[in-house]
Amino acid sequence: MEIDRTGLAEFLRHRRAALQPEDVGLPRGQRRRTGGLRREEVAVLCHMSTDYYARLERARGPQPSGQMIASIAQGLHLNIHERDHLFRLSGHAPPAHGGESEQHIAPGLLRILDRLDDTPAEIVSELGETLRQTTMGVALSGDLTGYHGPARSLGYRWFTDPATRGRYAADDHEYLSRVYTSNLREVVTRRGPQSRAAHLAELLLNESEEFRALWDRHEVGVLPTSGKRILHPEVGLLDLECQTLLDPEQSHVLLVYTAVPGSETHEKLRLLSVISAPLR
């Protein structure tokens, strides 16, 4: 496929003009005179330089990589059909839809996340890979989006990285091990023996005696509880409730962590928001 530079540039300009700052979790400011996002705002959302993005809108520069196009599609909050169109304009075949390899978050789910910045929340894949976090989500759990390879999966880290377990109350470890094993078995069955889930299971069978023992039980349907007890290195034990919102088309889940108003944990979250606030 060849890149359609003119079509790509026009599509990007129209999508940028259609977005307002509040649509993507940005402040509007008082001096904004025109509708739509500025190029520099889109560049920040897409994790690229303003100059690079501007050249694309001017039908100039080298052909963007598939990874770059995926980042632009997410930054512009494109739906799955718009994302596929963007890939074709840029000269790339669109990624497969849905399933364990889907990394593109639906814009509706992103809009909800963008409005939760004062609340710990994250969007995860069916393999437990954190795709996006709120600021408070990072304050609660650390930046979970920076892992690579199998370690992107929380279930994999649970059985291979002792530091991961150190963030959870010890009394919950045994049950959480069953939860992660059960979930992985269900994803392997759903996606098949050649899937990424099957590869993760094979790695864990070779690396973790505990996982091997649990895998041999063939347990399925072991669901996580709504209560989460998280040990934070600065504020201590947090008793949280976890609410979930499922996007069935793309197998993503939005996890939102809250505390009972007036509780000790509620006060600790307030303190955590102060500690993690950026310096002005």
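**Notes on the predicted model**

1. Let's start with the strands. Seven bridges join E4 to strand E5 (residues 252-258), and the two run antiparallel. Look for Leu245, which stands opposite Leu254 in E5. The hairpin of E4 and E5 has four residues between the strands, and there Ser251 takes a positive phi near 55°. Keep in mind as you look around that this is a predicted model.

2. Strand E3 (residues 227-232) pairs with E4 (residues 236-247) in the antiparallel sense, over six bridges. Here the hairpin runs through three residues, and Gly227 stands opposite Glu241 in E4.

3. Now for helix H10, residues 173-191. How far apart are its end C-alpha atoms? They are 27 Å apart, which agrees with the 27 Å that 19 residues should span at 1.5 Å a residue. Just after H10, Gly192 takes a positive phi of about 100°.

4. Which parts of H10 are buried? Its buried residues include His173, Leu176, Tyr180, Leu184 and Val188. An α-helix has 3.6 residues a turn, so residues three or four places apart point the same way. What covers the buried residues of H10 includes helix H8 (154-160), helix H9 (162-165), helix H11 (196-207) and helix H12 (209-215).

5. Some of those names come back in the largest nonpolar core, which has 34 residues; Phe159, Tyr168, Tyr180, Leu184, Val188, Leu240 and Leu269 touch the most other members. The largest share, six residues, comes from H11. As background, nonpolar side chains tend to be buried together in soluble globular proteins.

6. Leaving aside its neighbours within four places in sequence, Tyr168 is in contact with Leu154, Trp158, His173, Leu176, Tyr180, Arg229, Ile230 and Leu231.

7. Finally, helix H5 (residues 80-89). At its start, a side-chain oxygen of Asn79 reaches to within 3.0 Å of the backbone nitrogen of His81. The buried residues of H5 are Ile80, Arg83, Asp84, Leu86, Phe87 and Leu89, and what covers them includes helix H1 (5-18) and helix H4 (66-75). Just after H5, Gly91 takes a positive phi of about 90°.

Terms used. Residues numbered from 1 in each chain as written. Predicted model: local features only at pLDDT ≥ 70, side-chain atom pairs only at ≥ 80, totals over all residues. Heavy atoms only, no water. Buried < 20%, exposed > 50% of the residue type's maximum accessible area, 1.4 Å probe, protein only. Contact = heavy atoms within 4.5 Å. Polar contact = N/O pair within 3.5 Å; in protein donor to acceptor, adjacent residues only side chain to side chain. Pairing = 2+ DSSP bridges. Expected span 1.5 Å × (residues − 1). Core = buried A, V, L, I, M, F, W, Y, C linked by side-chain atoms within 4.5 Å.
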